[in-house]
Amino acid sequence: MKKLLFIAVIAALTPLRDAAAWGRLGHATVAYIAEQHLTRKAKANLDKYLDGNSIVYYASHMDDFKPQMLVDLGYTPANGPRMHMLPHTFSVGEDGEVLRGNRLPGDKVLANCLYYVEQSADRLKNHIREMDDSTRMACIQIIVHSLGDMHCPGHIRYPGNQTIGYFNVVLKGSEIRYHTIWDTPILQAPHPWSFSDLAYLLDRCTEEEQAAITAGDIYDWGRESAAVSKCIYDVKEGDELGHDFLMKYKPLAEAQLTKAGYRLAKILNDIFGR
Ligand SMILES: [Zn+2]
């Protein structure tokens, strides 16, 4: 009975924990697509550094161990209760360009998810021999997770709209935080696919399409994500949303997962496939 109660409590808490990222389904899908496009050498190196585990296994660690990651990234809880979400998001300016940090009240700037991808990739590329096993593994986890986060439409902070969807709407009769819809429900409508189902269904771009998607750098990818995702704020607090909403925006969520998968493979091949 106690066990059942425990499971019920965990289940009740899960949407809250998911509220700051693609949910586990989205992150695992991105990692699985990427894994299909790793070079043999990159795959062998990752196997070695991840003790034989798949990158999919670690795709949500940065969410699952947020308090620890917070400390690892140099924050203290005194910085504010929402601080732990900032490394999972990024901001754009009026011109649509990615800001090199998230703007905080008082003109403070804090590193964003793109910065962590860049910094971790640089450390792995140039300093891998000086790193201990756990630091190396943390850097890989940060890249796998943050590259996914930066493609989630609910993770972009726009000028004049820093909400990242933290307001309530009504979805099919139930009140829900709008941000949460972009974590998992939109990916599971109308079918509750698994991550490997979704990856199978989405990973169908031609070589030419993949080359176009992976061209440029992460700042190009961030700018593009911000441009295509702004439309999600056509929805306002209190709006009543139904099946039509999910079907209208689902292709955007799926396209973002697919692009993130190919781009993650590119970054990992660049680091580990040499
Ligand atoms: Zn996250």
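Lys 43 counts as partly exposed, at 31% relative accessibility, where partly exposed denotes the range between buried (under 20% relative accessible area) and exposed (over 50%), computed with a 1.4 Å probe and protein chains only. Lys 43 forms a salt bridge with Asp 47, the closest N and O atoms being 3.9 Å apart; a salt bridge is defined here as a side-chain nitrogen of Lys or Arg within 4 Å of a carboxyl oxygen of Asp or Glu. Both residues lie in helix H3 (residues 40–49), four residues apart, about one turn of the helix, and Asp 47 is likewise partly exposed, with a relative accessible area of 31%. Helices (H or I, at least four residues) and strands (E, at least two) are DSSP runs, numbered from the N terminus.

The structure is a predicted model, in which local features need pLDDT of at least 70 and side-chain atom pairs count only at pLDDT 80 or more, whereas totals for chains, interfaces and linings use all residues. Residues are numbered from 1 along each chain as its sequence is written, and side-chain values use heavy atoms, with hydrogens and water left out.

The structure holds nine salt bridges, among them one in which the side chains of Arg 24 and Asp 64 meet at 2.9 Å, N to O. This pair links distant parts of the chain, with Arg 24 in helix H2 (residues 24–36) and Asp 64 in helix H4 (residues 61–64), 40 residues apart. Arg 24 is partly exposed, with a relative accessible area of 36%, and Asp 64 is also partly exposed, at 25%. In helix H12 (residues 218–229), Arg 223 and Asp 220 lie three residues apart, about one turn of the helix, and their side chains meet in a salt bridge of 3.0 Å, N to O. Salt bridges that share partners join Glu 97, Asp 220 and Arg 223 into one network.

With regard to the chain as a whole, 13 helices and seven strands are present, and buried residues make up 51% of the 274 residues. Among contacts (heavy atoms within 4.5 Å) between residues at least 6 apart in sequence, 76% join residues at least 24 apart. Glu 209, placed in helix H11 (residues 207–214), is partly exposed, with a relative accessible area of 40%; Glu 209 and Lys 259 are 50 residues apart in sequence and 10.0 Å apart in space, C-alpha to C-alpha. Finally, Arg 274 is found in the segment after helix H13 (243–272) and is exposed, with a relative accessible area of 54%.
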